[in-house]
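User: I've got a model to go through with you. Could you walk me through some side chains and the overall fold?

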Amino acid sequence: MSYQSGTDSDANRLAQTIGSNIQKITQHTAEIQRIVNQLGTPQDTTELRQQLQQKQQYVNQLAKETDRYMKEFGSLPPRAEQRQRKIQKDRLVGDFSNALAAFQKIQRQAAQKEKEFVARVRASSRVSGGLPDDGGLLSYESESQPQAQVQDDAIREEDLVLIKERETSIRQLESDIIGINEIFKDLGMMVHEQGDTIDSIEANVETAEIHVQSASRQLTRAAEYQSKSRKKICILIVVLSVLAVVIGLIIWFSLKK
C-alpha cells in the first residue's frame, strides 16, 4: 500500500489505516493483559502461553507496520492545508504512542513474571537436588563453566528444559521492548521534523504576504502618481485652450480695426 501522490483522499485513507491499526493494537493489548494476569496461576498452560506469543507477535507486526505508515504519512507532499494535516498527524502520533506505551508495559510485566517463574523453578529444583538456593537465574555465560555445568546437572532435566524455554521467551520479550523503543524514537523525530516543516511553510507564507503587501503599496503609489499626472495634463490643456482663445480674440479684434 502506497500513498505518495499527496492528495486529500490518499492522506485520509492512510490516516484511516493507521487509526484502524491503533485500535487493533489497543484491543489485543487488553487481551494480552488478561493472559499475562493468568501466568503463574492454575490457568497457566502451554496453550495459554502459545496464545500469548501469537498475540504478542501480531501486535509487534502491527506496530512495525503502523510505524511505516506514519513515516509515509509524514512524507506526503506539502499542500495548502498543511496545518490541518499536522493536527491530524499529531493526533495519530499521540494515539499510537499511548497504544505502544500500554503494550510495552504489558511486555515488561510478562518478562518480569517469566523471570520470577525461572527463579522459582531453579530454586525448587536445586533444593530437591541438595544444592543451596542462591535465588538467581540460570546463566549460560558463567565465569566458572565447570561449576555451571555441575549446577545444570543438578537441576532436573524437565526443569532445565522448562527454564531454557522461559529464558528464550524472556530474551524475545526484551528484544520486542527494544523494538518498541526504536518506534518511539521514530515518532519523536517525525513530530520534530513536521514542526520544522510547518514553521518553514508558515515563514514562506508570511514572506509572500509581506511581498504582496509591498507590491500593493507600490501599485497604489503608482496609481496616485498617474492620477496626479493626468490632472496636471488636464489643467495644462485647459490653460493652453484658454490662452489660445484669448490670443485668437486679440488677433480678431486687431484685424477688424
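User: Is glutamate 182 buried, exposed or partly exposed?

Analyst: First, the ground rules: this is a predicted model, where local features need pLDDT of at least 70, side-chain atom pairs count only at pLDDT 80 or more, and totals for chains, interfaces and linings use all residues. Residues are numbered from 1 along each chain as its sequence is written, and side-chain values use heavy atoms, leaving out hydrogens and water. Buried means under 20% relative accessible area, exposed over 50% and partly exposed in between, with a 1.4 Å probe and protein chains only. Glutamate 182 has 39% relative accessibility, so the label is partly exposed.

User: Which residue does glutamate 182 meet in a salt bridge?

Analyst: A salt bridge here needs a side-chain nitrogen of Lys or Arg within 4 Å of a carboxyl oxygen of Asp or Glu. The N to O distance for this pair is 3.5 Å.

User: How many residues apart are glutamate 114 and arginine 166?

Analyst: Their side chains meet in a salt bridge, 3.5 Å from N to O. This pair links distant parts of the chain, with glutamate 114 in helix 3 and arginine 166 in helix 5; the separation is 52 residues.

User: What is the relative accessible area of lysine 86?

Analyst: Lysine 86 forms a salt bridge with aspartate 90, with the closest N and O atoms 2.8 Å apart. Both lie in helix 3, four residues apart. Aspartate 90 counts as partly exposed because its relative accessibility is 30%. Lysine 86, though, is buried, at 16%.

User: Why does leucine 100 count as buried?

Analyst: Leucine 100 is in helix 3, residues 82-129. Taking contact as heavy atoms within 4.5 Å, and skipping residues up to four places away in sequence, leucine 100 touches Ala63, Ile180, Ile183, Phe184 and Leu187. Leucine 100 is buried because its relative accessible area is 0%.

User: Over which ring does the charged end of arginine 68 sit?

Analyst: The rule asks for NZ of Lys or CZ of Arg within 6 Å of the ring centre and within 35 degrees of the ring normal. Arginine 68 is 5.5 Å from the centre, and the ring belongs to tyrosine 69.

User: How many helices and strands does the protein chain have?

Analyst: Helices are DSSP runs of H or I with at least four residues, and strands are E runs of at least two, numbered from the N terminus. The elements run α-α-α-α-α from the N terminus on. The tally is five helices and zero strands.
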